[in-house]
Structure formats: structure tokens, C-alpha cells
Amino acid sequence: MLPPRVVLGTAYYPEYLPRSAGDRIPVDLDLMVAAGITAIRVGESVWSTWEPRDGVFDLEWIRPVLDGAADRGIAVILGTPTYAVPPWLQRAHPEIAAERRSGVPVPWGIRQELDYGQPAFRFHAERVVRRIVERYRDHPAVIGYQVDNEPGVLLAHNTSAFQAFVERLRREYGDVETLNEAWGLTYWSHRLSDWSELWRPDGNSTPSYDLAWRRFQAERTTEFIGWQADLVKALRRPGQFVTTCVAYDRPAVADVPLTSGLDVAAGNIYVDVQDGLARPAAPSRLEPGWIGRSVAELFLSADRVYGSRGEPFLVTETNAASIGGSHQNRPPYDGQLRQLAWAMVARGARMVEYWHWHSINHGAETFWGGILGHSLEPGRVYREIAALGAELAEAGSSVAGLTPDVDVAVLWSNESDWALQFQPPLATAGGAPDKASYRTIVGAFYGGILDAGLRPGVVPVERLEAALSAPVVVAGGLYVASDAVLDRLVEYARDGGHLIVGPRTGYADLEARPRVAAAPPRLAEAAGVTYQEFENLHGALPVSGLAGHATRWAETLLVDDAEVLASYRHPGGERRPVVTTKRCGAGRVTYVGTVPDAALAAALYGDSRLLAPSVTALSAVNAAGKRLWFVHNWSGSAVVVEPSGFDKVELGPWDVRVLEESVEGEAQ
């Protein structure tokens, strides 16, 4: 369904331009061709243009774009506009407004301020989607569809959603007594005698309730995207694909079930550039969120998109220039756009699409920079993307559909993330609960893999068996886990794998209840350690035995028959073990009772780094069986490196080289 080469693309919105700009479509498309841009995404944000009044459609406004693209060999991904409803629909059906708090509708005037379970919304959404797809499915430029856009932005508290939630619980638990036991509702007199007594989520303090609520909200998002994807699939012509762009930080998204109903996974990857891409990484000025704050977070984001389906993916949005609000003006240094694109390709990206072609002259995202600025004149960003386009064209199919090599697979659990947002184990510097606790824990272990010179991967826990093909598996922060998952991890170690276990793993069951068992539950015997106490660390404490520091969290490990690899001096005076390891059958279990800093995280894997600290070297195998190495210099200074099996390579500031070898190891 996809072109046989990596697609360089951009979102294109000529409808946003002021009339004074004139007819830009031929000019813009010609500039795209010159830059090697071979795909555009159109139409997903302008329902009020497609349908300016109820039942009155204007489907021809986009035709000049599609015709011009077809004439120039540019493929089109046609968006369905259901995430941004027109004012006439909101006025006619105010009940479609979502409620972030029960009884308080989100004011109209942003986007995605709707509850997509409302019948009136579904009726009008289906009608406009049908009209668009039926009109343009046979257009030669259209290769696929993006349904909706970044779904799952809020948790809808509407009465109908709550009622559906109660029905879900009735189906799952059967009766309130079973629910009382499962959620521990004896506590604080929350015990129910009837389903009608279940309280609304606004004031909820019960962890099991919150986890069930988050699961339900993610299921609603999956159902909505699946409903729309099925609608488009029934209308499309053969050979066209259907996807949606996932923003992986959205609160109502579970990426594995959501993407399972699509033809290809697609995600949005934004990264803090300039010195945010320097290695070794400095502390970021940004809080954890939708912007990747380091090279490690860039690769982790790409690996998450790959991991959703375990196959090559699309990048539907990424940086062109400055991203964010009017106060966030950090355009990339020379070379960094090229670095970012090749980094995503290295992790399996089949398309790299910039948001967006031209900076917008009005609206909330006026200063989110496009490939062309407000002047609409090609500049430095355009020239760098054009150079990248030429490189991708020369590489052709050799870099399309790559399978990344993985030395260490890191498990990802959305449910653990949700649970640790509700009851975070970590605190911010000011002592407040840190809702990014899960991502902090996983990110620490992931970053250490890169720092050790190894090749990481991210595998959702739903696809556990895929992770267990790696020689090393990391389960850090896996707070919510089934008995079966924990037992399978132990079996993996006994069969010869190296299991690295991090803080909080296995502590709670699928209801987010702490297990009544020695911690780490179901892993303690295999790990050779237990703990009863845990605490927050106010500063980084140096460890002995390995390099680095214990940070933010420590479990008081009681060693049974494990070997102590690292210990630290507790502020109370005594030394305490913090990293242990034990043989387990043919394999090994290493236990880490803290959030490791960069040095300690790298030491966990055995430092095999042969290159400069600013350099990463990751590899992937293409369809022809060739292994490609992507060697990046994340630094403003030139370096000379000698990757294993290759001659010396000179990398300029913010540079990247792609090297090829056969799978048997013969360098080319």
C-alpha cells in the first residue's frame, strides 16, 4: 500500500493562506517537487470548509491540490475532519461537547472539545466522511487516509459515558459484591449495595477505580477510531491504506489495540532541538511531555511507534522549525533536521512528514514554524529538507521497511503509566507527586542502553513474546502486571535470557492493588532479593561497585542468594545494596532498586561503547538482507570514529552517516 521508498512529506493547508497570497498551489507543489517531497497530508482540520452549513457540502475546494499533486507525482493522504467540528454543529447539538468534569462542558473554540460517543456527532461525522471518501477515492493522487487526528485528548465525563462505564463494570464483575472485593471498597465506607451508588470519577480516590476508568476511556477511543477506519475501508478503492496519527502522550490512548484495526501505525514525534539534542545530555529545561527532551527520548518515541504493531510505521508529524507556542522559538541547528529524519528511518519509519508546509498567518498555531515561514519564501529550513530529499531519493528502497536490531528490549505498559500517574512513587523537586514517574523510570533504563553503546527497542507488554527474543529484557516500573506476565519473565530468564528488573515492577496486580507477597512479587525467588521498605531520595547518592548514582527512589533490598553489584551509603549511615544479580536457570536476573542516573544505567548493561560519547550507532536490516548502520554525531564539534567492521569515518557537527554491511558482517 505504501511507496517502495521512504516518503518525505508535509502537511499542506493552502486553505489557511490569506487571499493576498494569491493562488499558491502550483508554486508550492513545484517547490515540493524540487525538495524531493513526495507526499502531502490534506483536509483533516477543516470540517467547516468541507461542510460550511448542515448538509451543504463543498467538496471541490481540494480538487486543485489533488490534481496538481497527481500531475507532479506527489501522493496524497486524505484526512477526515472529525476532530475539529464546525460551529453550526456545536450550536445545533450542544450535547456533543465533552465534559472534563461532570456537568461542565468544554467551551467550544479549541478543537477536540467533543464527546465522540454522542449519536448526533456520529451521524454527522459519518455523513461528512462518506461524502469525502466517495468523492475522492478514485482520484489517482490519493494513496491513503488519516482518520481523525491525535485522538484521545481528554477523558469525557459526560453522563452517557459514565453510564457506559457502569455497564462495562457490570459486564466485567457481574455484581457489586464482586466489585467491592476487587476494588477494596470497604475502605472509607465506599462499599456499594447497588450499581446506582457508584460515584462519578471527579472526586474518586480509589486506584482500582481510576485504572478501570482509564481503560474504559482508551477503549472508547479505540472503538471510535476503529468505527471510522472500518467506514473508510468499506469505501476506499483497493490499495489505499487507513491510519490515524497517534500522539502517544494522550490520556485516552492505548496504542496496541488502537493501531490493530489500522493498516499501518503512525505517530507524531516532536523533539527539543538545538542543545536539547546534545550528547551527553544535559538536564532539560522542559518538563516531561509531548516534546522529546533528548536523543534518548527521540529514539524511545520512534521505538514506541514501531512497537505498536512490531513493524515499520509512518511519522505523520515532526519538527520543521520552531514548535509550540509563541514563546518557544528554538529552530534547529544546521544539520539537525537531517539527523532527526535519519534517526526515525533507522527505527523503521516509512514516511517522515513535517508539520507543516507553511507557517500559518492566524489561529492558535501562528508561530509553529513550517518549512516555509510567513514570508512563503524558501530559506534555510527548506534547503536542508531539499538536501535530505535528495539523499532519500538516492537511497531508494534500501532504507524502506527496516527491521531495527535490538540488543535490549524495554517493556512498555500503558496501564502502569496510568496507575503511576494516579499514585506516583516519585516526587518533584518541590515535593509534589510526579505524574511522569513511569516515564522517568523507563526512560532512565532506556537511555542507559544507548549510553552503553547497545541497541534498544521498546515492546508493549501486550506483545511480550516479541520482547523475549532479545538477549536482554528490561521490566522497569511495570507496576500493574498479571501473574502470567511475571511468571513468563522468570521463565525467560530460566531459558537463558537476562532479565533486568527495575523499581515497582510486579508490585500491583491488574486491579492496581499491591500484592500480598514478598516484593518483588513472583520475582523474588528468581532475583534472590526481597524488600519491605522503600523511600524517596532527596539527592543523588553515589554507589560503589558500579559507576553512577542512585536517584529519587530506593528499595531497602534484603539479599538472599544474589550477588551484590552495587551499594550506596544510606543517609542513616549504613551501606545498602541497590543492584544485585543472580543466576536463574540458564540465564540471569538483575535487580535494580533505584532510578539509576545515566552512568549507573549504562553500567547495568556492561559498557561496550567504542565510539565518542556524542556518537550513537544503531543498525537495522532491510528487505534485501543488508544491515545498515546509522551513525550520528550529536554534537557541534566534528569527530572521527571507527565503527566496528568499518574504516574510520569523519562526522561533521550535527552529522549522520549511513553505512552498509551484509548480514554476515562484510562492510561496504
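**View 1. Aromatic pairs, starting with Trp357 and Tyr382.** Searching the whole structure turns up 31 aromatic pairs (rings of Phe, Tyr and Trp, the last by its six-membered ring, with centres within 6.5 Å; planes under 30 degrees apart are stacked, over 60 edge-to-face, the rest tilted). Trp357 and Tyr382 make an edge-to-face pair, 6.3 Å centre to centre with 80 degrees between the planes. Trp357 sits in the loop between β11 (349-354) and α12 (380-395), and Tyr382 in helix α12, so the pair ties together parts 25 residues apart in sequence. Helices here are DSSP runs (H or I, at least four residues), as are strands (E, at least two), numbered from the N terminus. Both Trp357 and Tyr382 are buried (under 20% relative accessible area; exposed is over 50%, partly exposed in between; 1.4 Å probe, protein chains only). This is a predicted model: local features need pLDDT of at least 70 and side-chain atom pairs 80 or more, while totals for chains, interfaces and linings use all residues. Residues are numbered from 1 along each chain as its sequence is written, and side-chain values use heavy atoms, leaving out hydrogens and water.

View 2. Tyr531 is buried, at 3% relative accessibility, while Phe534 is partly exposed at 36%. The charged end of Arg504 sits over the ring of Phe534, 4.3 Å from its centre (NZ of Lys or CZ of Arg within 6 Å of the ring centre and within 35 degrees of the ring normal).

**View 3. Helix α13 (residues 414-422).** Seven of its nine residues are buried, so α13 is largely enclosed by the rest of the structure. Trp418 and Leu420 are among the buried ones.
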